[in-house]
Amino acid sequence: MSGRWLAGKVAAALVTLLFVIIFNFFLFRVMGDPTTQLARLPNSSPEEIEKLRADYGLDKPITGQFADYMGDTLTFDLGISQRSREPVWEEIKDALPWTLLLVGTGTLLATVLGAWLGVFAATRRGKKADTRSLNFSLFTYSAPEYWIGIILILVLAVWIPVFPAGQQVTPGVEFSSWWAEALDVAEHMVLPVAAMTLMLLGQYFLIMRSSMVDVLTEDFITVKRATGLPWYRVVRKHAVPNALLPLVTLSAIYFGAVVGGAITIETIFSWPGLGELSFEAINDKDFPVLQGTFLIFSVGVIFANLIADCLYFVLDPRVQAK
Amino acid sequence: MSALLEISDLRVEHDGNPIVDGVDLRIEAGEALGLAGESGCGKTTTALSVMRLLPPTLKQSGTITFRPPGGHAEINIGRRTERGMQLVRWRHISLVFQGAMNSLDPVQKVGAQIAEAIRIHERDLDSNELSERITELLSTVGLIEAVAKRYPHQLSGGQRQRVMIALALACNPSLVIADEPTTALDVVMQAQVLELLESLRERLGLALILISHDLGVLAETCDRIAVMYAGRIVETGPVDSVFAHRQHPYTERLLDGLPMIGGERGIATPIPGSPPDPGHPPEGCRFHPRCPYAEDRCRREDPALREVAPGQSSACHFAPWKSWPPVEPKQPAGVER
Amino acid sequence: MSPEQAVLEVAADTPVAVSDRSVRDVLLATRRGKFALAVLGLFIFLAIFGDAIAPDDPDASSLDVLAAPSSDHWFGTTETGADVFSQVLAGARVSIVVGFAAAIISAVLGAAVGLLSGYFGGWTDRILDALENWFLVIPTLPLMIVLASLLDPSLTVLILVIGLTSWAGTGRIVRAQVLTLRERAFVERARALGAGDGYILKTHILPNTVPLIFANTVLIVAVAILSEAALAFLGLGDPTSISWGTMLENAFTSGAPSAEAWWYVIPPGLCITVLVLAIAILGYLFEEHINPRLQEQG
């Protein structure tokens, strides 16, 4: 019976996904078809535009276009990039792993650090350690992540040239082994991941701290202390597991912000992920690519929510009973 | 001097405001002491101080001495370190809270919670002995073995309260402090839990401190009763004596509000006014602003708790009271003796 | 007024739990609150009077390119030789205007959707709720990017885009509140006395949701300011006005980091951070005011 709850969540996610795909279609038709955008670019003659319209099937009635779109999308045909003439899906496939690397590492670090710091502050509530952590987190929470990125570049790549200022590998170098290449990537990862982690740290810290503060006021904590458990064990074994539950769901909700951050951070560091791809697409007015990346971003958020639901299912016995 | 637990001049303050302001209490082995009073009078705080479980914002002072039965050495609770207290907690003194809704860890199985408490104080039990103990404890409170594998949310309110009691008995303490153990339960379950506590007490020779604002509950289960008001004890004595011959106006007003079967019918009159703010207690007797019998002396002098009848003490200038003059509902009347 | 109206007025209690302390007390009680109010006040002042205070025209270029701070240029110069300090002052206006305007749009939309879907239920609710959940799932920045890139960039477009994508959070909160209010006794009483839906919404339900809407909207101002900066940074801002985001964009694309032009990079970002921080603090204090339970847990 608990499996049914999970199946329900997966079904809901698929339905949302379907709506996202449909919405995506209409979103890009909001301002007329994409070729009207091209009409604004210099060097496009009316004949070229007409030809493009035919190419893209934009001369068909809207229902026909919609059918085409649905068929195409569900078979992973997301169109052709206007700039590179490559299939959008190929470009996305190339960029996706880099974004996952950046976002995955950043989220992991931010969750671990944020949670730890949150527990640290909550157990010292009102004291200086708590106030300082709070102020630090409020600051990183309010600061634009790309600004933090720029400052990181300024300090750690220019003033004190410790880390590379951009890209994922040192260009033009032949690597003797995959290990050497991996190390090079790791070196290039430090600053972007640091920017991403700092951006998320504040949020996760605030959530965890507030969750811990709530849990520490519960009666069962006093009872655990009363049984003679030392305080650090009460915190670690009983307070933290209960406090983690809201953190899981809330961080899934904030995943949309993670995606936004990925875009700006990749742009700053020329990190070849989906964010950088989107940024170039904005500049080139390459709508097929924009539409494709937007779709993938939305899918990512849905997926993150689903993972959070699964995690919650595993962690909270009260949910398993449903 | 063989009292099981002796509290002497206990004071607890928050930011300089006294919440418990000089409390003296004794409880003998196997005795049931009731602690009564309105919410906020300091009952729970007193209970938590005995186990040194107050939050760090509260400062505790005074002497608390515990003499475990069976010839163990005397324990000076006030002077113990935190680590020292961890040895005393649950092993000698344990706790039952009200509304076991949140008194159990929601993500831990119930049996595991009992096992955890036992293992803190008895390291050498192997897992078989441990699960036998748990089954035994559960059956003592009337629960089947299968309950151990359940989570708290899978049990009913009454079952959870029983688990709390089983948990409290897990290490064979000599004193159990029950803070409003029946408040969140319906009348039927209330009776069952009280009966359970009583039978366990007899069987195991437990001492019990029962805290409740419900005097009916205390009347049933306790040998002696102490009434608290504004952080102080205002009356103590054997339960029958206190109920039959109250020696403090506050006790009188509390009991007056209790409908007695066979007594007069009428609308209970609540005590007008509200308890004093801990930061600004009234001059003189703390109760005088709400006392219908207050006189000049009461406004100036703070009465001490003193013995006014065999085994019974009161903190009222005019105790011992032989009878209680009738009181106009809204106005304090003059005192007649 | 007629007897019926008098009775209806009496029937309007205030069920929303608001703590006894006045708003001003709550805001001024803590050091953080005072700091936040001071900062917000400062930036609003700059937004209004920035023009008058600025030593130079923010757009004016000069030969003194990417120069370090000096007595002529307190914050140094940009890659076109413009005065960074003047630009920072100009940016204050954009951020404040866009932030508040977008938040107001978002608040009105969110409140309207929340009220209608919560009060009327049925199909209205289902459709609006689906729409709301929608907007909550879609990642906001990408959506804003898409909308902004489809339209011609301008401040108005930015305000509209941000306002139209941030209302869902308010909508959901308002809807939840309306659902509980709808069942309360005073609404039934009003209905029994013959009050129409519009009247009930306007006189009974709306006033009780205002504190909630307000607290939530304050936080949306912060989000709006961050969004405008991000969009400007990505090149989707208004090319005719200077905002902190465009300053950062210009700084970055003209190589300020490699040129070690820290005076160009730090001030605009710092201003965004401090302003957003101040608003976030105020927003949290408002929420505490509305939900007194939070006060104990601080």
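Trainee: How many residues of chain A are in contact with chain C, and with how many residues of chain C?

Mentor: The model under discussion is a predicted one. In this model, the contact between the two chains involves 33 residues on the side of chain C, and from chain A the number is 36.

Trainee: Which element gives the most to the side of chain A that touches chain C?

Mentor: The elements that give two or more residues to this side are α1 (2-27), α6 (128-142), α7 (145-159), α11 (255-269), α12 (274-284) and α13 (287-315) of chain A. By class, this side of chain A has 27 nonpolar, nine polar and no charged residues. With eight residues, the element that gives the most is α7(A).

Trainee: Is Pro257(C) buried or exposed?

Mentor: Pro257(C) lies in the loop between α11 (244-253) and α12 (262-290) of chain C. A residue counts as buried if 20 or more other C-beta atoms lie within 10 Å of its own. Pro257(C) has 25 such atoms within 10 Å, and it is therefore buried.

Trainee: Which residues is Pro257(C) in contact with, leaving aside its neighbours within four places in sequence?

Mentor: Contact here requires C-beta atoms that lie within 7 Å. On that criterion, Pro257(C) is in contact with Val265(C) in chain C, and in chain A with Ile150(A), Ile153(A), Leu154(A) and Val158(A).

Trainee: What is the handedness of the crossing of α4(C) and α10(C), and how do the contact residues divide by class?

Mentor: The crossing of α4(C) and α10(C) is right-handed. Residues that meet there include Ser95(C), Gly99(C) and Tyr119(C) from α4(C), and Leu201(C), Thr209(C) and Glu228(C) from α10(C). The residues of this contact divide into 16 nonpolar, five polar and one charged.

Trainee: Which element supplies the largest share of the side of chain B that touches chain A?

Mentor: In this contact, 22 residues of chain B meet 18 residues of chain A. At least two residues of the chain B side come from each of α2 (82-88), β6 (93-96) and α3 (110-121). The largest share, three residues, comes from α3(B).

Note on methods: Residues numbered from 1 in each chain as written. Chains lettered and ligands numbered in written order. Predicted model: local features only at pLDDT ≥ 70, side-chain atom pairs only at ≥ 80, totals over all residues. Helix = DSSP H or I, 4+ residues; strand = E, 2+ residues; numbered from the N terminus. Buried ≥ 20, exposed ≤ 12 C-beta atoms within 10 Å, placed from the backbone. Left-handed = near helix turned anticlockwise from the far one by under 90°. Nonpolar A, V, L, I, M, F, W, Y, C, P; charged D, E, K, R; others polar.
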